[in-house]
Amino acid sequence: MPLDGIVISNITRDIRRAALGGRIDKIYQPEKDEIVANIRSLGSNLKLLITANSSHPRVHFTNTAKANPLTAPLFCMVLRKHLGGGKIVSVEQPGFERIIEIGVESRNEMGDETRKRLIIEIMGKHSNIMLTDERGVILDSARHVGRDTSSVREVLPGLVYSRPPSQGKTNPMELDRADFLARLEAAGAVGLAQFLMGGYSGISPAAAAEVCYRAGLAPDLTCAVADGAAAARLFDTFARLTADIRAESFAPEIVVSNGKPADFAAIEMTMFNGLADCEKRPFGDISEMLEHFYTEKDARLRVDQKTADIRKHLTNNAERCAKKHETHIRTLRDIAGREKHKLMGELLTANIYQLEKGMTTFAAQNYYDENLPTVEIPLDANLEPAENAQKYFKRYNKEKRTFTALREQMAANDAEQEYLRTLLQTLNTCRDEADIEQVREELAENGYVKKRKKHAKPVKARPLHYLSHNGTDIFVGKNNKQNDELTLRTAGNQDIWLHAKDMPGSHVLIKNGGAPVSDTTLAEAAMLAAYYSKGKNGSNVPVDYTIRKNVRKPGGAKPGMVIYDNFRTLYVTPDEDAVKALRQV
């Protein structure tokens, strides 16, 4: 479910209860479309996250700490100037739309009290964060929308703020029976769920389907088919829901399908009750629910956005290697008959006395074969017999040199392909800017991209650190540099080293110092090796393990590349819940 009017209503209630009367202490902008406001209220310090990201727009309190840029962006500076130290005097949801307006009283440079509005529009790719003065004039916004972007509504500093164009929908908080039934009768072939979504603001497809389910009606049943009793049940059900919302009675919950969070709502979604492979997890408040649902998704989205250029570059190079491999295979096919050319040269030399200039073919017995088969040898009529023989020898030697060079080229190309696959897998394990920067550094060191100027000393990215069920340290490299660090410097000779077999993945280290390791700890480490590999979504993934002294790095090998022997293999099926259940340090 997207953040519809019901969810926004729940969020608005919680912000009002917790922050009304509080003061905005600090404001940060960790991302270009994301604001974090620290609020001091009722003796508590709250962090309000506001993000207009087109994929995961939302507003809620958060406990997550994010790194901030060294220099605050312009929008952040504007917010600090006008809202810093300000008192929150109102929190409203106009018209049950996906909009939250936060009124803030603060003093300007002259010491006069002013009132500003922080307006958050949660509308998918059109989401935005705007600050207006007491006259409604836009002071600034996270996204500037000019006439070239939208002919419907401009959002630019200096313009008067106007709400998004109305779609002719009615506020469900003003629900009227006679009006509802008249609209339903006039809707004709429109489905019941579509009728609710199209006629009333803030109603999402999931909410509309839930109302139909509670009324005992199919969501796709057309309004024309619904009789008077059905229409009455639909209205009564919808009216009970709106009454609960007006009474601020919410029940935040996440719907889990096949072990993974699939949807969320601010009301009880009874239509999922009793479904196989489906469970509902209730939460104490909407912020806790949204934080749980979005934290990992949002982090992954941010990393994907910031590594898009790297991924494209690696993909292009991988495609280049694939094309080169195809060329190598074609060349191999072309020179596959080189030994036959050598044989023909030798047979012509052995039978030179029988050859004459002007002959176009010669049938020679192959004395290298005990059956003495006849070999038909094409000749160039313009060449002397010895020249014809020499021609075959030259062709053989050329193809032999080509084959020798080709083997080296193929080995180098195959190694590069494997390295690029490893780097692409590494991008899937990046978690923050420090991880991404390490990958960029590695690419620059290996000549794939130009080195970038460093304006500040980056935070050193470290391997993931887990504790097994009995407290044993397990480390997981997130990129090739960390893999080399773990395997070649951190690990002791008797520590246990693991890696998914024959596929790109992280180096995993059980730091046991030679002490016995339980089967459970070994299984947990193997689970991590499979989860942080290309086999993450597979089953029965083979994971090799051995002691560190059996692992070696060949001279000249790319970062993260090692060879090993004297190993054993475990087969595990990656389980995200099992990985999350492990304690992370």
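Modeller: Start with the open sheet of 7 strands, ordered β22-β19-β17-β18-β16-β15-β23 with antiparallel pairing. The model is predicted, so local features need pLDDT of at least 70 and side-chain atom pairs count only at pLDDT 80 or more, while totals for chains, interfaces and linings use all residues. Residues are numbered from 1 along each chain as its sequence is written, and side-chain values use heavy atoms, with hydrogens and water left out.

Colleague: What makes β22 and β23 the edge strands?

Modeller: Each of them pairs on one side only. β22 spans 568–572 and β23 spans 583–584. Strands here are DSSP runs of E, at least two residues; helices are runs of H or I, at least four; both are numbered from the N terminus.

Colleague: How do you know that β17 and β19 are paired?

Modeller: Two strands pair if DSSP finds at least two bridges between them. Strand β17 (residues 496–500) and strand β19 (residues 541–547) are joined by 5 bridges, so they count as a pair. They run antiparallel. Within this pairing, Trp497 stands opposite Thr546 in β19.

Colleague: Which strands does helix α12 lie across?

Modeller: Helix α12 (residues 480–490) lies across β16 (473–476), β17 and β18 (508–510). It runs at about 140 degrees to β16. Axes are lines fitted to C-alpha atoms, for helices over the stretch in contact, and angles run from 0 to 180 degrees between N-to-C directions. Helix α13 (residues 519–531) also packs on the sheet, and its direction makes about 40 degrees with that of β17.

Colleague: Why are β11 and β12 placed at the edges?

Modeller: They belong to an open sheet of 3 strands, ordered β11-β10-β12. β11 (260–265) and β12 (278–282) each have a single partner strand, so one side of each is left without a neighbour in the sheet. The twist averages 30 degrees from one strand to the next. Strand β10 (residues 253–257) is joined to β12 by 5 bridges.

Colleague: What makes a group of residues a nonpolar core?

Modeller: It is a set of buried Ala, Val, Leu, Ile, Met, Phe, Trp, Tyr and Cys residues joined through side-chain atoms within 4.5 Å. The largest one here has 77 residues. Ile11, Phe180, Leu196 and Leu234 have the most contacts inside it. Helix α6 (residues 228–246) gives the largest share, 7 residues. Apart from it lies another core, of 25 residues, among them Ile474 and Tyr531.

Colleague: Which residues does Leu196 touch?

Modeller: Contact means heavy atoms within 4.5 Å. Not counting residues up to four places away in sequence, Leu196 touches Phe180, Ile203, Ala208, Val211, Cys212, Leu234 and Phe238.

Colleague: Why is Val303 called buried?

Modeller: Buried means under 20% relative accessible area, exposed over 50%, and partly exposed in between (1.4 Å probe, protein chains only). Val303 has 5%, so it is buried. It is found in helix α7 (residues 286–306). Its contacts beyond four places in sequence include Leu427, Arg431 and Ile436.

Colleague: How do you know that the buried residues of α2 are on the same side?

Modeller: Those residues of helix α2 (residues 74–83) are Phe75, Cys76, Val78, Leu79, His82 and Leu83. They cover an arc of only 160 degrees around the axis, which puts them on the same side of α2. The arc is that of the directions from the helix axis to the C-beta atoms. The face turned away carries the exposed residues Leu74 and Lys81.

Colleague: Phe96 and Leu372: buried or partly exposed?

Modeller: Phe96 is buried, at 4% relative accessible area. Leu372 is partly exposed, at 40%. Phe96 has a positive phi of about 60 degrees although it is not a glycine. Phi of Leu372 is also positive, near 45 degrees.
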